Amino acid sequence: GASLCNRFLYYWLQSKKREFERIAMGNTIKTIGLSYFRQLKLPLPTKTEQQAIAEALSDADALIELLEQLITKKRNLKQGAMQELLTSKRRLPGFRGEWHSISMKSNAVLKARIGWQALTTAEYLKSGEYFLVTGTDFIAGKVNWSTCHFVNRWRYVQDSNIQLRNGDVLLTKDGTIGKVGYVEDLRGLATLNSGVFVIRPVDKAFDPLFLFYILSSRIFDDFLGKITAGSTITHLYQKDFVTFTFEAPQLEEQTAIGEILSDMDVEIGSLESKLNKAKQIKQGMMQELLTGRIRLV
């Protein structure tokens, strides 16, 4: 038979990972015995074709690694930009003037689904025209409409204060507290379950996107740390949250800062979807090439 190319074997074993995990699951210690490997049969093409297959899969790996490094680099850049731009360490060209204090108590309106309006899980509908947004529907700060449940019309009209609009800032107050969401591509009529606050500015006191980044930053993390002080609080009370204050420049500069950070997020998001595609392509290649369904030579 053909002699075995190491890298081909490496990828073949990688392609069997799920199967190995399944077998190992049965054992209390997650191992697979040598006897199992001894009886493994692996379909082998010629050495040349094995090398060609290993080469193709290495290229796919290299692309994945490149994208992962790029994402890490862009994430670090964004972290650095947040540190500087949200604390007046670095000013954007053309902006001057003192920063001022903004308080959640006097400059924001905070609304949530009131206790007596609580929803039972039976009311979480699979389809409908009134989206129900919960804390588990935020992904990287955006509402992931595809995971949302729905509620009936009566539940939507019941409380106009929590009917969502673009530019709303959302904050989880139950379970995992302090998760932030920003509403920007509203897909229809939407309301909240009782685990989420919606925050809106009073008299344009702040730019909502700027607040979203403040709440996603260390500034807010530190505040939450002070409130919880080591205890595992699973509920964020309005009376505690309204004591939060932060420094901000004039509205135009807030908007400019929000746009810069938002552009960085868009770029990271598109790199992440490229990474997911690259991983899917590699999975597909492994299935085709390591089974002989597609021949390279």
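The protein chain has 10 helices and 11 strands. Helices here are DSSP runs of H or I with at least four residues, strands are E runs of at least two, and both are numbered from the N terminus. This is a predicted model, with local features needing pLDDT of at least 70, side-chain atom pairs counting only at pLDDT 80 or more, and totals for chains, interfaces and linings using all residues. Residues are numbered from 1 along each chain as its sequence is written, and side-chain values use heavy atoms, with hydrogens and water left out.

Overall dimensions next. The C-alpha trace spans about 80 × 50 × 40 Å along its principal axes.

How much of the chain is buried? Buried residues make up 40% of the 297. Buried means under 20% relative accessible area, exposed means over 50%, and partly exposed is in between, with a 1.4 Å probe and protein chains only.

Now contacts, meaning heavy atoms within 4.5 Å. Take those between residues at least 6 apart in sequence: 76% of them join residues at least 24 apart.

On to helix packing. Two packed helices are described by the angle between their axes and the distance between the axes. The axes are lines fitted to C-alpha atoms, for helices over the stretch in contact, and angles run from 0 to 180 degrees between N-to-C directions.

Start with helix 1, residues 6–15, and helix 4, residues 47–85. Their axes come within 8 Å and cross at roughly 60°. Helix 1 is therefore oblique to helix 4. For the cut-offs: under 35 degrees is roughly parallel, over 145 roughly antiparallel, 65 to 115 roughly perpendicular, and the rest oblique. The crossing of helix 1 and helix 4 is left-handed. Left-handed means that the near helix is turned anticlockwise from the far one by less than a right angle; clockwise would be right-handed.

Which residues of helix 1 and helix 4 make the contact? Helix 1 brings Arg7, Phe8, Tyr10 and Tyr11. Helix 4 brings Gln50, Ile53, Ala54, Glu55, Leu57, Ser58 and Asp61. By class, this contact has 6 nonpolar, 2 polar and 3 charged residues. Nonpolar covers Ala, Val, Leu, Ile, Met, Phe, Trp, Tyr, Cys and Pro; charged covers Asp, Glu, Lys and Arg; the others, Gly among them, are polar.

Next pair: helix 7, residues 208–215, and helix 10, residues 251–289. Their axes come within 8 Å and cross at roughly 60°. Helix 7 and helix 10 are therefore oblique to each other. Helix 7 passes helix 10 in a left-handed crossing. From helix 7, the contact uses Leu209, Phe210 and Tyr213. From helix 10, it uses Gln254, Ile257, Gly258, Glu259, Leu261, Ser262 and Asp265. The count by class is 5 nonpolar, 3 polar and 2 charged residues.

Stay with helix 10. Glutamate 253 is in this helix. Is glutamate 253 buried or exposed? Glutamate 253 counts as buried, because its relative accessibility is 2%. Setting aside neighbours within four places in sequence, glutamate 253 is in contact with Arg91, Leu92, Phe95 and Trp99. Threonine 255 is also placed in helix 10. With a relative accessible area of 27%, threonine 255 is partly exposed. Its C-alpha is 8.6 Å from that of proline 208, 47 residues apart along the chain.

Now the loops. Valine 202 lies between strand 10, residues 196–201, and helix 7. At 28% relative accessibility, valine 202 is partly exposed. Not counting residues up to four places away in sequence, valine 202 touches Ser106, Asn107, Ala108 and Val109. Methionine 285 is 83 residues from valine 202 in sequence and 55 Å from it in space, C-alpha to C-alpha.

Lysine 204 is in the loop between strand 10 and helix 7. Lysine 204 is not a glycine, yet has a positive phi of about 50°. At 68% relative accessibility, lysine 204 is exposed.

Serine 88 has a positive phi too, near 65°. Serine 88 sits in the loop between helix 4 and strand 1, residues 100–103. Its relative accessible area is 33%, so serine 88 is partly exposed.

Last stop: threonine 232, in the loop between helix 8 (218–228) and helix 9 (238–241). Threonine 232 is exposed, at 74% relative accessible area.
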